[in-house]
Structures are given as C-alpha cells and as structure tokens.
Amino acid sequence: MTDVFQPLFLLPQSGFLFAGFRRSLRHPAGGNPMTGPRFEVHVCTTCADPDIERRRLKQGGGRDLLEAIRSEIETRSFAADCTLLDFECLGSCQRRGRVSIASEGRWGVVFGGLDDRTDPRPLCDYIGAWLARPFGEIVKAERPPSLKNKIIGRVPPPDHHRNCLNTAIDQRPNQAISAVSLSLPKSGKSE
C-alpha cells in the first residue's frame with residue numbers, strides 16, 4: 001500500500017489561497033480490486049491530545065492519532081476501500097481527538113475525545129461493523145464500549161427516507177422518519 005498525496009486548493013471569500021494535501025491510503029495500480037463500499041475517514045490533525053498531561057509534554061494529538069489510525073486501517077480487509085484524510089480543523093474543539101467517517105448511502109459518524117493509544121483498534125472495529133450494515137447504522141448495544149461516549153453526532157445520508165422505503169422491512173433502521181415540506185414565498189425570496 002502506498003501513500004498518495006493529492007493537492008487541494010481552496011479559495012475562500014476572504015481571498016486567501018490555502019494549499020493543503022489530501023492523504024489517501026490506496027493500493028498502487030494493479031493492487032487489490034475494491035471489495036466493498038468506498039468510504040472516507042477524516043482526522044483533525046491540529047487537535048492537541050485530550051489528556052492534559054500529554055498536552056503539557058507535547059505528546060499525542062491529531063498527527064499521532066492520524067498515524068495510529070492509518071497503521072490500524074492498513075491491517076484491515078477494508079483498507080483498499082478507505083480514503084484517509086487529514087484536516088486542519090473539524091470543529092467542536094472542546095472534544096479533542098476528532099474523527100469522522102462518511103460514505104455514500106450510509107450514516108456519517110463524528111467521534112470526539114479519541115486517544116491515539118487506545119482508540120484506533122475499536123474505531124476500526126466500529127468501521128467494520130458500519131460497513132457491514134446496509135445504512136451504516138449501529139445500535140448502541142453493538143458499539144465498542146470505549147467508543148459509546150465518544151460519538152458526538154451522526155448525520156443521515158441524503159435521501160435516507162427514500163432509501164428506507166425501498167428496503168426490505170427487516171433491513172430498515174428502526175427510526176421514525178417523516179418528511180416535512182417547507183412553505184416558501186412564491187417569489188422564492190425569504191421575507
């Protein structure tokens with residue numbers, strides 16, 4: 001497996017040019033074919049370590065978390081389907097050690113308070129279970145114990161309500177979903 005660094009260029013309205021890199025775990029050309037759904041793991045690399053003593057000693061933090069997750073993902077069967085991305089900030093800074101996972105048609109999950117020494121393995125266990133579910137929905141009882149209190153939020157995939165209607169009843173998530181229509185002024189402008 002090789003590192004692939006792809007340049008990203010962002011031109012915010014402020015006029016600043018930001019050049020960053022997207023780190024991707026991918027097999028080289030001719031490597032393993034995709035065996036499952038493609039997904040992304042996003043890691044905040046500017047986070048300081050959640051442990052105050054480690055922060056004082058300038059240990060741990062986002063870069064160490066990224067490398068620990070990378071090492072664990074490389075040992076998993078889903079590594080070829082993963083794009084590992086480092087970000088300078090994922091927000092919610094009071095919960096250092098933030099990671100999110102996302103894939104088309106699956107619930108996105110945001111974690112906070114992850115520790116590079118103890119959480120990469122449970123995170124990858126969670127990802128494996130998440131990939132095994134039709135919509136990536138994992139009930140609390142099936143989550144790794146060390147991650148139960150580290151999930152900051154979940155984001156439903158676009159058109160999730162339509163996907164559920166077209167899915168066999170025993171495969172549907174056990175959530176009530178109702179569509180709400182918005183009443184907009186006829187001009188299309190808000191008043």
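F78 is buried, with a relative accessible area of 9%; buried here means under 20% relative accessible area, with exposed set at over 50% and partly exposed in between (1.4 Å probe, protein chains only). F39 counts as buried too, at 2% relative accessibility. The model is a predicted one, so local features need pLDDT of at least 70 and side-chain atom pairs count only at pLDDT 80 or more, while totals for chains, interfaces and linings use all residues. Residues are numbered from 1 along each chain as its sequence is written, and side-chain values use heavy atoms, leaving out hydrogens and water.

Now for the sheet. It is open and built from 5 strands in the order β4-β3-β5-β6-β7, with mixed pairing. At its edges sit β4 (82–87) and β7 (151–155), each of which pairs on one side only. From one strand to the next, the twist averages 15°. Strands (E, at least two residues) and helices (H or I, at least four) are DSSP runs, numbered from the N terminus, and two strands pair if DSSP finds at least two bridges between them. β6 (residues 108–111) pairs with β7 in the antiparallel sense over 4 bridges; V110 has G153 in β7 as its bridge partner.

Helix α3 (residues 120–132) lies across β3 (39–44), β5 (99–102), β6 and β7, and runs at about 20° to β5. Contact means heavy atoms within 4.5 Å; axes are lines fitted to C-alpha atoms, for helices over the stretch in contact, and angles run from 0 to 180 degrees between N-to-C directions.

As for the aromatics, rings of Phe, Tyr and Trp (its six-membered ring) pair if their centres lie within 6.5 Å, with planes under 30 degrees apart called stacked, over 60 edge-to-face and the rest tilted. The count by this rule comes to 3 aromatic pairs. One of them, F39 with F78, is edge-to-face, at 5.6 Å centre to centre and 70° between the planes. That pair links distant parts of the chain, 39 residues apart: F39 is in strand β3 and F78 in the loop between α2 (62–73) and β4. The rings of F111 and Y126 have centres 5.3 Å apart and planes at 90°, so this pair is edge-to-face. Here the link runs from strand β6 (F111) to helix α3 (Y126), 15 residues apart, and both residues are buried.

F39 and F78 also belong to one aromatic cluster with W130. R106 lies over the face of W130, at 5.8 Å from the ring centre, and R154 over the face of W107, at 4.4 Å. A charge sits over a ring if NZ of Lys or CZ of Arg is within 6 Å of the ring centre and within 35 degrees of the ring normal.
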